[in-house]
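Please look at the sequence and structure first.

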Amino acid sequence: MSILNERIQALLQDPGAAKVLATADKQGIPHIVSDPSITVNDDGQIIYLELIETSRSNVNLVNSIWFKRKVAIHLSKGEESFQIKGYPAYSVICGPVFEHYYKLTLERNPEFDLSTVWIIEPDEIIDDTYAARKNKERREHPLIAHLDRLAK
């Protein structure tokens, strides 16, 4: 059972939505890639298609599996903004799932080559809009305010 609601799944399938994958290396140094092809499968898992075998993202995702480290996906369109955190569950490098995404990759651009299909299991969704972040901060830190706001 996926934690992704219908709206988030629709945004993940929308090629016009901004989608960014954030990973970290062994030392914790962050690395991000913007990739409009990030999507969701029928099981509510996030799909990331890595085109380059030796890319920083691919190496970081392998380390995330080995050392059980989370990755994050930033998803936004218009006023909507979400951060989805989860764990890479597995990578696919052959077989029918790989072949399906390989064909989709070639349809996008015949020059592309697909290295790995990454399956990310989401386990946390954060509403990342300004309004949601502001409300959260006011709830958690009610005594912190700019003095000019109090003078009104």
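The points below are grouped by topic.

This is a predicted model, in which local features need pLDDT of at least 70 and side-chain atom pairs count only at pLDDT 80 or more, while totals for chains, interfaces and linings use all residues. Residues are numbered from 1 along each chain as its sequence is written, and side-chain values use heavy atoms, without hydrogens and water.

**Confidence**
- The chain has a mean pLDDT of 91, with 93% of its residues at 70 or more; pLDDT is the predictor's confidence in each residue, from 0 to 100.
- Strand S1 (residues 18–24) has the highest confidence, at 98, and helix H5 (residues 147–150) the lowest, at a mean of 62.
- Helices (H or I, at least four residues) and strands (E, at least two) are DSSP runs, numbered from the N terminus.

**Cores**
- The largest nonpolar core has 19 residues, of which Leu12, Leu21, Ile46, Tyr48 and Ile84 touch the most other members.
- Among the elements that each supply at least two residues of this core are helix H1 (6–13) and strand S6 (80–92).
- A separate second core of 8 residues includes Phe98 and Val117.
- A nonpolar core is a set of buried Ala, Val, Leu, Ile, Met, Phe, Trp, Tyr and Cys residues joined through side-chain atoms within 4.5 Å.

**Exposure**
- Proline 110 lies in the loop between helix H3 (96–108) and S7, and counts as exposed because its relative accessibility is 66%.
- Isoleucine 65, in helix H2 (residues 56–67), counts as partly exposed because its relative accessibility is 32%.
- Buried means under 20% relative accessible area, exposed over 50%, and partly exposed in between (1.4 Å probe, protein chains only).
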